[in-house]
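Welcome! Open your viewer, and let's take a short walk through this protein, one selection at a time.

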Amino acid sequence: MHLAAQAGVRYAMKNPNSYIHSNIAGFVNLLEVCKSANPQPAIIWASSSSVYGLNSKIPFSENDRTDEPASLYAATKKAGEAIAHTYNHIYGLSVTGLRFFTVYGPWGRPDMAYFFFTKNIRKKKPITIFEAPDRGSVARDFTYIDDIVKGCLSALDTSKRSTGSGGKKKGVAQYRIYNLGNTSPVTVKELVNILEKLLKMKADRVVLPLPKNGDVQFTHANISLAENELGYKPMTDLHTGLKKFVKWYLNHYSGSKKKKYSW
């Protein structure tokens, strides 16, 4: 299972080469090793909901167009899908790509909104909330980490063997793409409302227009394919997931030298 990547939409504008190095060159290096192995492994890897880019059809389905990326990050993930298909076609590698939708939870990425919103609210610092043109809401299909893990395990359990050996294809190999989301988009404003209740603190909100830096207005996953073929069924709503995250955050950043974690 390949989950390593240079993630994030906005940082790509500051350091684009890191995305090419990790998400394209790094992925090709991995595929090169796998195609020459004997036996070849089956590959499960993390793509992204960002590949849907400027797609306005909702919810996003696996057979929708993904040729209009809104960010360099999205472009590198789309390139990864195309490269993976090439290695599947030429070398018989069994490949499954998982398009993750806004994964959150304990031990998450500090650069994501739910994480640094929590940090800034606690420190009584302003948080910036973006709104779309005409004061439209920005929404995300927030997906709790436990649900994502279950989807990953199901993908592993249902993957088929690669058909090549030592770099030579011997038959048609499995190639799959799945959305792993919660299929219940929530606005960023509601995300902040939930955090305020859980932290028992009011946020200092600064509302600004959505910048043209690669962010999209909304994401919404159609997960019917993953439901049918992987048995994928997300169980965690945003309030429940954020409650678990906030509990972890307060414990982890409490300043105590001895931290206890209960899962």
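Is the crossing of H3 and H5 left-handed or right-handed? Keep that in mind while you set up the view. Remember that you are looking at a predicted model.

**Stop 1: two helices.** Select residues 113-122 for helix H3 and residues 188-199 for helix H5. Their axes come within 11 Å and cross at roughly 45°. That angle makes H3 oblique to H5, because angles under 35 degrees would count as roughly parallel and those from 65 to 115 as roughly perpendicular. Why quote both an angle and a distance? Two packed helices are described by the angle between their axes and the distance between the axes. And the answer to the opening question: the crossing of H3 and H5 is right-handed.

Stop 2: Now select Arg 99 and Glu 81. They form a salt bridge, with their closest N and O atoms 2.7 Å apart. This pair links distant parts of the chain: Arg 99 sits in strand E2 (residues 95-100) and Glu 81 in helix H2 (residues 72-91), 18 residues apart. Are these two buried or exposed? Both Arg 99 and Glu 81 are buried.

Stop 3: Next, pick Glu 196, Lys 202 and Arg 205. Salt bridges that share partners join these residues into one network.

**Stop 4: two more pairs.** Select Lys 57 and Asp 64, whose salt bridge has its closest N and O atoms 3.1 Å apart. Lys 57 is partly exposed, with a relative accessible area of 43%, while Asp 64 counts as buried at 11%, because buried means under 20%. Then move on to Arg 65 and Asp 67, another salt bridge, with the closest N and O atoms 2.9 Å apart. Here Arg 65 is exposed, with a relative accessible area of 58%, and Asp 67 is partly exposed at 48%. How many salt bridges does a search of the whole structure find? It finds nine.

Stop 5: Zoom in on Leu 3, which lies in the segment before helix H1 (16-36). Leu 3 counts as partly exposed because its relative accessibility is 48%.

Note on methods
Residues are numbered from 1 along each chain as its sequence is written. This is a predicted model: local features need pLDDT of at least 70, side-chain atom pairs count only at pLDDT 80 or more; totals for chains, interfaces and linings use all residues. Side-chain values use heavy atoms; hydrogens and water are left out. Helices (H or I, at least four residues) and strands (E, at least two) are DSSP runs, numbered from the N terminus. Buried means under 20% relative accessible area, exposed over 50%, partly exposed in between (1.4 Å probe, protein chains only). A salt bridge is a side-chain nitrogen of Lys or Arg within 4 Å of a carboxyl oxygen of Asp or Glu. Axes are lines fitted to C-alpha atoms, for helices over the stretch in contact, and angles run from 0 to 180 degrees between N-to-C directions. Angles under 35 degrees count as roughly parallel, over 145 as roughly antiparallel, 65 to 115 as roughly perpendicular and the rest as oblique. A crossing is left-handed if the near helix is turned anticlockwise from the far one by less than a right angle, and right-handed if clockwise.
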